[in-house]
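Here is a short briefing to read alongside the model on your screen.

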Amino acid sequence: MFAHWPVSAEILRPLVPHVLSLDMFEGQCWVAVTPFHMTGIRPRGIPPLPGISNFPELNVRTYVTSGGKPGVYFFSLDAASRAAVWAARATYRLPYFYARMSVEREGDWIAYRSQRNHDAEFQAKYRPRAPIQLRSPGTVEHWLTERYCLYTVFRNSVFRAEIHHEQWPLQDAEADILGNTMASAAGVSLPQAQPLLHFAKKLQVLIWPLGRIETIR
């Protein structure tokens, strides 16, 4: 599920490295809390490994550009695999954390729970409520989800990892969010308004290694 809230640039600017430009849609920044389940994760040429290839994950993200190329910036990524957290921190320099997580089906609803600690928790039930619709360029849904790289800043350098996937098969969604302190744990204050909700059942994703694109002087 993608749960997106509009958040002002004034809130986000102190939380995102200044070397990255905040990306906006019609003058508005957005923050997402995104729960999902990873399946079959593996390096190229290596079969999926027990304990590191299948696990729930939840990320808090916003959207940035560097050199005019739009991408994703992660405030946090929680996963239910300690091995995956260690590997992702080591290889992608991303703020991964271990969390206790569960994902269960309740009819056509998905019940999702995550607890890193008492200050970073998420609990919700969600489901699709409309058929799949491929969103057109120029729509906010396309702008939010069709992102083909991620950025991270580590030891005075900006890194980018290229991402490839087909267009997201988005469905409008509904959710009952029972608890959500994931954004506030990263210092982001979400508005009280209902989020923009979308669901996607499955998508194959390829990600390339990090590459240094800029040194901060």
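This is a predicted model: local features need pLDDT of at least 70, side-chain atom pairs count only at pLDDT 80 or more; totals for chains, interfaces and linings use all residues.

Residues are numbered from 1 along each chain as its sequence is written, and side-chain values use heavy atoms, with hydrogens and water left out.

**Overall shape**

- The protein chain has 4 helices and 15 strands, where helices (H or I, at least four residues) and strands (E, at least two) are DSSP runs numbered from the N terminus.
- Its radius of gyration is 17 Å, close to the 17 Å from the globule rule for 217 residues, so the chain is as compact as a globular protein of that length. The radius is taken over C-alpha atoms, and the rule is 2.2 Å times the number of residues to the power 0.38.
- Along the principal axes, the C-alpha atoms fill a box of roughly 55 × 40 × 35 Å.
- Of the 217 residues, 44% count as buried; buried means under 20% relative accessible area, exposed over 50%, and partly exposed in between (1.4 Å probe, protein chains only).
- Carbon and sulfur atoms hold 52% of the accessible surface of about 11,500 Å², computed by the Shrake-Rupley method with a 1.4 Å probe; for residues, only the protein chains shown count as cover.
- Among contacts (heavy atoms within 4.5 Å) with a separation of 6 or more, 64% join residues 24 or more positions apart.

**Helix H2 and its cover**

- In helix H2 (residues 82–92), Ala 84, Val 85, Ala 87, Ala 88 and Tyr 92 are buried.
- The cover over these buried residues includes S4, S5 (69–79), S6 (96–98), S10 (149–154), S11 (157–165) and S14 (205–207), which are strands.

- Ser 66 is found in strand S4 (residues 55–66) and is buried, at 9% relative accessible area. Beyond its neighbours within four places in sequence, Ser 66 contacts Leu 20, Tyr 151, Arg 160, Ile 213 and Glu 214.
- His 165, in strand S11, is also buried, at 7%. Setting aside neighbours within four places in sequence, its contacts are Thr 145, Glu 146, Arg 147, Tyr 148, Leu 203, Gln 204 and Val 205.

**Positive phi in two loops**

- Glu 26, in the loop between strands S2 (21–22) and S3 (29–38), has a positive phi near 50 degrees although it is a residue other than glycine. Glu 26 is exposed, at 75% relative accessibility.
- Arg 93, in the loop between H2 and S6, likewise has a positive phi, near 55 degrees. Arg 93 is partly exposed, at 37%.

**The second largest pocket**

- The second largest pocket holds about 190 Å³ of space, and its lining includes Trp 5, Ala 175, Asn 180, Leu 190 and Gln 194.
- On a 1 Å grid over the protein atoms alone, a pocket is an open set of points with protein on both sides within 12 Å along at least five of seven lines, and lining residues have an atom within 4 Å of a point. Its volume is the space filled by probe spheres set on the points.
- Strand S12 (residues 171–180) gives the most to this lining, with 3 residues.
- The lining divides into 8 nonpolar, 3 polar and no charged residues. Nonpolar covers Ala, Val, Leu, Ile, Met, Phe, Trp, Tyr, Cys and Pro, charged covers Asp, Glu, Lys and Arg, and the others, Gly among them, are polar.

Methods: On a 1 Å grid over the protein atoms alone, a cavity is a set of points where a 1.4 Å probe fits but cannot get out, and a pocket is an open set with protein on both sides within 12 Å along at least five of seven lines; lining residues have an atom within 4 Å of a point.
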